[in-house]
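Subject: Structure handover

Hello,

Please find the structure below, for your files. My notes come after it.

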Amino acid sequence: MLLARLFLGLAALAFSVCAAGASLAAETITIGVAGAHSGDLAPYGLPTLKAVQLVIREINAQGGINGQPVDLLVEDDGCKPELATNSATKLVAGKVRAVIGHTCSGATKAALPIYHAAKVLVISPSATTPALNQDGEYPLFFRTIATDNIQAATQVDFALQTLKATKIAVLHDKGDYGKGLAEHAQALIGKSGTAKVVLFEGITPGAVDYSAVVQKIKRAEADAVLFGGYHPEASKLVSQMRQKRIAIPFISDDGITNNTFIKVAGKDAEGVYATGPADVADNPITRTYREKFKQAEGAEPGAFFDNAVAAALALTKAIAKAGSVDPEQVAKVLRAEEVATPFGRIKFDARGEPVGIGFTLYQVNNGQFVQVR
């Protein structure tokens with residue numbers, strides 16, 4: 001009888017240990033997704049959300065990460081810094097250990113101190129301002145896109161070497177992203193020795209009429225315009241320039257490389273140049289996820305989709321490799337291990353910058369952005 005009771009006790013203990021292990025294995029991993037999911041800049045944020053959802057859906061169908069299902073907690077910040085702080089606070093309260101986002105540099109800048117205080121890892125597919133982590137003050141911040149100093153260099157090199165521009169008007173939307181990029185471009189043009197900035201000016205986002213600055217472009221006799229900002233302002237600027245028969249090249253950034261710019265600017269979009277992440281359509285991972293998106297949505301994915309796929313793959317594989325959701329352990333893996341993405345195999349440097357991702361140049365040709373270099 002004593003032996004029987006001992007056997008039953010051991011069996012019960014073994015069962016409880018197994019049950020606890022099963023419970024632990026099934027514990028949900030919650031990842032935040034923050035960005036512009038509504039408003040004028042939703043064409044940049046929604047592709048990121050859809051990309052992350054596709055990756056996570058696939059992971060869960062295969063049993064999760066190390067047996068743990070993944071849940072997404074989604075926050076819409078509209079690319080507005082004041083909303084981004086609220087979004088970050090909600091995600092921290094939701095016990096996320098990692099966030100994919102935010103979309104815009106200004107929103108990311110506002111949210112980072114909140115994540116830093118809570119020790120939450122952040123990986124953005126689209127925030128390009130170098131100053132976000134220039135001094136390494138946010139060791140848990142990563143991104144899967146190159147920074148604006150690299151983007152500005154691509155723009156200026158093209159303007160000077162290919163277009164042979166010598167008098168450039170540099171405009172921006174006064175935001176962290178647009179102004180920062182414009183300042184990098186201004187400095188590079190000044191150092192070139194072959195060209196000069198004949199106009200450097202910020203415009204007011206949301207304004208209907210930019211005729212005053214268009215007149216300044218004309219009076220300055222600029223032979224090219226370089227604009228830092230997003231598609232709502234870029235489309236108005238280029239349209240009003242063309243109305244005034246100012247046909248000089250218009251060069252902008254990855255803030256306009258989406259179909260919305262082309263739809264809003266219409267025929268005036270033709271010939272516009274813009275920098276953006278390289279076209280990686282031939283990469284097998286790119287093809288796989290773009291095809292899944294088209295099957296689900298019936299359309300092409302849009303801006304930063306590939307960068308968001310890269311962010312989601314890098315983060316989830318790092319969690320799996322670390323065997324933990326502890327942000328510091330995951331960060332170590334991100335810096336040490338390469339991961340296959342739409343941009344090839346990448347990893348991150350000490351400041352969370354991606355090694356292996358850069359910018360290229362596009363031009364609108366017959367109603368679509370086509371890579372020219």
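This is a predicted model: local features need pLDDT of at least 70, side-chain atom pairs count only at pLDDT 80 or more; totals for chains, interfaces and linings use all residues.

Residues are numbered from 1 along each chain as its sequence is written, and side-chain values use heavy atoms, with hydrogens and water left out.

Overall. The chain has 12 helices and 15 strands (DSSP runs numbered from the N terminus; helices are H or I of at least four residues, strands E of at least two). Its C-alpha atoms fill a box of roughly 105 × 40 × 35 Å along the principal axes. Of the 373 residues, 49% are buried (under 20% relative accessible area, with a 1.4 Å probe and protein chains only). Among contacts (heavy atoms within 4.5 Å) with a separation of 6 or more, 67% are between residues 24 or more positions apart.

Helix 10. This helix runs over residues 284-297, and its 14 residues should span 20 Å at 1.5 Å a residue; the end C-alpha atoms are 20 Å apart, in agreement (the expected span is 1.5 Å times one less than the number of residues). Thr-286, Tyr-289, Arg-290 and Phe-293 are buried in helix 10. Seen down the axis, the buried residues fall within an arc of 100°, so they line one face of the helix (the arc is that of the directions from the helix axis to the C-beta atoms). They pack against helix 2 (42-61) and helix 11 (305-322). After helix 10 comes Gly-298, with a positive phi near 70°.

Thr-341. This residue is in strand 11 (residues 339-341), and it counts as buried because its relative accessibility is 1%. Leaving out residues up to four places away in sequence, Thr-341 touches Asn-283, Ile-285, Ala-310, Leu-313 and Ile-346. A polar atom of the Thr-341 side chain lies 2.8 Å from the backbone oxygen of Gly-344.

Cavities. How many cavities of 30 Å³ or more does the structure hold? There are 3 (a cavity is a set of points on a 1 Å grid over the protein atoms alone where a 1.4 Å probe fits but cannot get out). The largest cavity contains about 60 Å³ of space (a volume is the space filled by probe spheres set on the points, which are joined across faces, edges and corners). Its lining residues (an atom within 4 Å of a point) include Tyr-44, Cys-104, Asp-254 and Phe-304.

Regards

Definitions and conventions:
Buried means under 20% relative accessible area, exposed over 50%, partly exposed in between (1.4 Å probe, protein chains only). A polar contact is a pair of N or O atoms within 3.5 Å; within protein, one must be able to donate a hydrogen and the other to accept it, and residues adjacent in sequence count only if both atoms are side-chain atoms. On a 1 Å grid over the protein atoms alone, a cavity is a set of points where a 1.4 Å probe fits but cannot get out, and a pocket is an open set with protein on both sides within 12 Å along at least five of seven lines; lining residues have an atom within 4 Å of a point.
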